[in-house]
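Let us take a close look at one stretch of a chain, and then at the spaces around it. Keep the model in view as you read.

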Amino acid sequence: MSPFNQTTDNHQNFILTGIPGMPEKDFWMALPLCLLYSTTFLGNVIVLVVIKVERSLHEPMYYFLAMLAATDLSLSLSSMPTMISVHWFNWRSVTFDACITQMFFIHTFGGVESGVLVAMAFDRFVAIRFPLRYATILTHGIIGKIGATVLLRSVGAVLPVPFLIKRLPFCHSNILSHAYCLHQDAMRLACADTRVNSIYGLLAVIFIIVLDALILLISYFLILQAVLGIASREERLKALNTCFSHVCAVLLFYVPLIGMTLIHRFGKHLSPIVHMLLANVYLLLPPVLNPVVYSVRTKQIRQRIVGVFCGGRIGP
């Protein structure tokens, strides 16, 4: 029996959705998903391994890049089990507790990624504004504290979400809009007042995403101010070039997020396929492209990766 023909009063399970209105086409998502997840895993693991074994990359900039790669890897692994089960095996049912667990990890690592991008902007500001004091300001201890703060902030902000969802009764439809679990998606299925969930979700978004976006804007204003204070045109271009990869990572994260938010708010008349595609782009594209961007744009990482695949040792 098709999962969509099941009764919807089962409070112990949610039903995930693949391609809306075309469940028979889900199998054709198998190859693209395989390529995306394989590229994500391979790219981010290579970045982590190269940074770990190459001593010349043991600098603040690359430690933050390692945090970004680890976050991208974790975010992809959070969504992978249900994405694979839906599109490959047509297993659409997920238990309530498993859905809440996935929801927690997806939202947590999304918040961590936003925080890591802010930390990387701070790193670029310090490197450009205080180049002689760069290593003394961003010591290993400070970098560790920044990483711990980013993680704890996201965990603390998302931790109430599972409890807020668990208290709600689900007596109507249990069919979610995506092949993975999100707070706002599950919340809309509840047959009770969800104002507390809505208000808390909005506050969490403001505390993490909106605040981080404002900090990023201020950081790049200060970075541009510092760059314009450099006398040499060549040095100005060199300083700006060190920020290019980070700007790409910020755009890869925020552009799909803003697009998904706008479509969710103003595009309710659009096809569900549009909502599905944009939600998947937001979740899957940054982890795939971030290691590609940094590998192509960062000479030191590119040289080490080429050395590995050419059979040489990793070294200068």
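Q: Please look closely at residues 273-294. How far apart do the end C-alpha atoms of this span lie, and what percentage of it is helix and what percentage strand?

A: The end C-alpha atoms of residues 273-294 lie 31 Å apart, and the span is 100% helix and 0% strand. This is a predicted model, where local features need pLDDT of at least 70, side-chain atom pairs count only at pLDDT 80 or more, and totals for chains, interfaces and linings use all residues. Residues are numbered from 1 along each chain as its sequence is written, and side-chain values use heavy atoms, with hydrogens and water left out.

The span has a label in a record. UniProt, in an unreviewed entry, lists residues 273-294 as a "transmembrane region", along with residues 27-51, 63-84, 104-122, 134-159, 199-223 and 244-267. Its positions are given in the numbering used here, its feature names are shortened, and such annotations may be inferred rather than shown by experiment. Another listed span, residues 199-223, is also 100% helix and 0% strand, with end C-alpha atoms 34 Å apart.

Helices here are DSSP runs (H or I, at least four residues; strands are E, at least two), numbered from the N terminus. Helix 10 runs over residues 272-297 and gives two or more residues to the lining of the largest pocket. Now for the spaces themselves. Rolling a probe the size of a water molecule over the atoms shows where empty space is left. On a 1 Å grid over the protein atoms alone, a cavity is a set of points where a 1.4 Å probe fits but cannot get out; a pocket is an open set with protein on both sides within 12 Å along at least five of seven lines; lining residues have an atom within 4 Å of a point. Points are joined across faces, edges and corners, and a volume is the space filled by probe spheres set on them.

The largest pocket holds about 1,400 Å³ of space. Its lining has 46 residues, and His107, Gln184, Met260, Thr261 and His264 lie nearest the centre. Helices 3, 7, 8, 9 and 10 each give two or more residues to this lining. Helix 8 gives the largest share, ten residues. By class, 28 lining residues are nonpolar, 14 polar and four charged. (Ala, Val, Leu, Ile, Met, Phe, Trp, Tyr, Cys and Pro count as nonpolar, Asp, Glu, Lys and Arg as charged, and the others, Gly among them, as polar.)

The second largest pocket holds about 600 Å³. It has 21 lining residues; nearest its centre are Met61, Arg124, Lys238, Ala239 and Thr242. Helix 10 gives two or more residues again, as do helices 2, 3, 9 and 11. Helix 9 supplies the largest share, six residues. The lining has nine nonpolar, five polar and seven charged residues.

The whole structure has two cavities of 30 Å³ or more. Tyr294 is one of its lining residues, with Met61, Met120, Asp123, Arg124, Thr242 and His246. Helix 3 gives the largest share here, three residues.

The second largest cavity holds about 40 Å³. Tyr294 lines this cavity too, along with Asn290 and Pro291, among others. Helices 1, 2 and 10 each give two or more residues. The largest share, four residues, comes from helix 2. Six of the lining residues are nonpolar, two polar and one charged.

Helix 3 deserves a final look. Its 34 residues reach 50 Å from first C-alpha to last, close to the 50 Å expected (1.5 Å times one less than the number of residues). Of those 34 residues, 27 are buried (under 20% relative accessible area; exposed is over 50%, partly exposed in between, with a 1.4 Å probe and protein chains only). The structure holds one disulfide (a pair of cysteine sulfur atoms within 2.5 Å). It joins Cys99 and Cys181, with sulfur atoms 2.0 Å apart. Cys99 lies in helix 3 and Cys181 in the loop between helix 6 and helix 7, so the pair ties together parts 82 residues apart in sequence. Both cysteines are buried.
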